[in-house]
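I opened my notebook to look up a few spots in this structure. Here is what I wrote down, one entry at a time.

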Amino acid sequence: MLDALSTGLRTTDDRPALLRGRRTVTRGDLAGLRDRYATALHARGLGPGDTLGLAIRPGPRAVAMVLAAYRLGVRVALLDPTAGPDVLTARLSLARPALIVADAAAQAVAGWAAPLARRAGLALPDFTRLGPTVTVGTRLPGNAPALTLTSGPVPPAHDGDGDAVIIFTSGTTTSPRAVVHTRAGLDAGLRSVADLVRPVAGVPVLGATFFVTVPSLAAGAPVAAPERRSRALARQITGLRPQAVYLTPPQLRVALDGGVPFSGRVYSGSAPVSAHLLDRVRAAGAEEAWGVYALTEVFPAAAVESREKGAWSGGGDLVGDLLPGVRGRLDESGQLLLAGAGVCDRYLGGEPHEWVATGDIAGLSGRRVVLGGRSKDMILRKAENIYPGLYEPSLHVPGVSLAVLVGVPAGDGDEDVVAIVETTPGADRATVEAALRGPLDRMGSARPDRVMFAPVPLAGRSRKPDRHAAASLASGIPHQRVRP
């Protein structure tokens, strides 16, 4: 699919590719940017087997840089600036990129930009201390040197398989976990998205994710990133009349509460999608409303349309039939395992595998999947996966004997993040609170919604934290709110 997209982009093509407010980025613009980036990366010696760290906001630069790296056979490690500096440092140490490419926002780490970064929920490491770093786009004071865009022939396209992308998920700061997709596997996953979304040329698609953008552009459909405010989103949908819209469940709820009208087909995923939410989308004008079940390891895995989901009278959460090319089975604990052409090749540093564990307890009847809850500790807040093990160690400051992060139901499948902190006997509460402010600030988008000071429930002979009991505790006892 990336090959098809790249081949279909020509510098002379003035058809729209990315719609950004009143500005249109043409397919020719995107092709020219891709070629300049590919030439620049090649001039720096990057080629097959190298890793490029990417910390660029979604938009034409990010799309062009991915296409440029793909052309050279370079794998891309996607770096999330909101993960916090300790986590991001550990991830970079594991990926060992030959070059980090970042925009100005991802480098807002010190000096005059630090207050802006904190208000945006960003706490970032200095990329230049972790590896060779260059800036794309506007360069601000304190940024790394700009990527030099040299002239010359565009390097030939890489022919063959190999790693395409690294996406970090769970793990700890000492042992990060990263999903590796090969070029063939990535292509299979993107084709599954194309078959599900069914984009046609010339009609806009509304969505900001890479896995929506690439199949849409490959089909010749221009793509627009959804506006954040309900009023602006309503104007955008009314004006564009998109054939397909992708929004996460939290984005959908905000849009519906704001009276946003819909049309065409609407897709939602990255978090539980209830039948009630899909019904609201159709009531707001959508012809079809789809819930998509996907993981970092396999995208998409299953899908269900609102009418089928609404008619489901059994227990659990119906997420639909497995999509073509995806196979499923249950392990001895009832956990859903998935395999297929679009499943990731391996976890970085590990051996290739056939089956991946989803962490979801499920029922499987033929190809129909019904989820019955999660088997792992992951917390799902606003369509973002938060893994407690990444952040809990940093909360063990002097005076804290044990600290855990748990999820508390916040309505319609969403969760609030609560930190339960148990202090050592005789510890001064004010001193502990002061010591926690730094670690909390450095947690980025995983920062807890609330902090409680209470004994952490334990269970079993090993006396490990009982997360179920801790979540119940967090739901029923008055708590102290995190200080801003």
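Entry 1: Before starting, I noted the cut-off: a residue is buried when its relative accessible area is under 20%. I also noted that this is a predicted model. Is Asp 103 buried or exposed? I found a relative accessible area of 6%, so Asp 103 is buried. I located Asp 103 in the loop between β5 (99-102) and α5 (114-119). Next I asked which residues Asp 103 is in contact with, leaving aside its neighbours within four places in sequence. My list reads Ala 55, Ile 56, Arg 57 and Val 136. For Arg 57 I also wrote down a distance: its backbone nitrogen lies 2.9 Å from a polar atom of the Asp 103 side chain.

**Entry 2: helix α3.** I turned to α3, which covers residues 60-72 and has 13 residues. From first C-alpha to last, α3 reaches 18 Å, close to the 18 Å expected. How many of the residues of α3 are buried? I got 11 of 13, so I called the helix mostly covered. Among the buried ones I jotted down Pro 60, Val 63, Met 65, Leu 67, Tyr 70 and Leu 72. Just after α3, I saw that Gly 73 takes a positive phi of about 80°.

**Entry 3: a charge over a ring.** I came back to Tyr 70 and found the charged end of Arg 183 over its ring, 3.7 Å from the centre. I noted another case: the charged end of Arg 327 sits over the ring of Trp 355, 5.3 Å from its centre.

**Entry 4: aromatic pairs.** How many aromatic pairs did the count come to? I wrote down 3. For Phe 211 and Phe 299, the ring centres are 4.1 Å apart and the planes are at 40°, so I logged the pair as tilted. Phe 211 lies in helix α7 (residues 210-218) and Phe 299 in the loop between β13 (288-293) and β14 (302-305), so this pair ties together parts 88 residues apart in sequence. Phe 211 is partly exposed at 23% relative accessible area, whereas Phe 299 counts as buried at 7%.

My next pair was Tyr 267 and Trp 290, which is stacked, with 6.3 Å centre to centre and 15° between the planes. Tyr 267 is in strand β12 (residues 265-268) and Trp 290 in strand β13, 23 residues apart. I marked both Tyr 267 and Trp 290 as buried. Last, I noted that ring pairs link Phe 210, Phe 211 and Phe 299 into a cluster.

Note on methods
Residues numbered from 1 in each chain as written. Predicted model: local features only at pLDDT ≥ 70, side-chain atom pairs only at ≥ 80, totals over all residues. Heavy atoms only, no water. Helix = DSSP H or I, 4+ residues; strand = E, 2+ residues; numbered from the N terminus. Expected span 1.5 Å × (residues − 1). Buried < 20%, exposed > 50% of the residue type's maximum accessible area, 1.4 Å probe, protein only. Polar contact = N/O pair within 3.5 Å; in protein donor to acceptor, adjacent residues only side chain to side chain. Contact = heavy atoms within 4.5 Å. Phe/Tyr/Trp six-rings, centres within 6.5 Å; stacked < 30°, edge-to-face > 60°. Lys NZ or Arg CZ within 6 Å of the ring centre and 35° of its normal.
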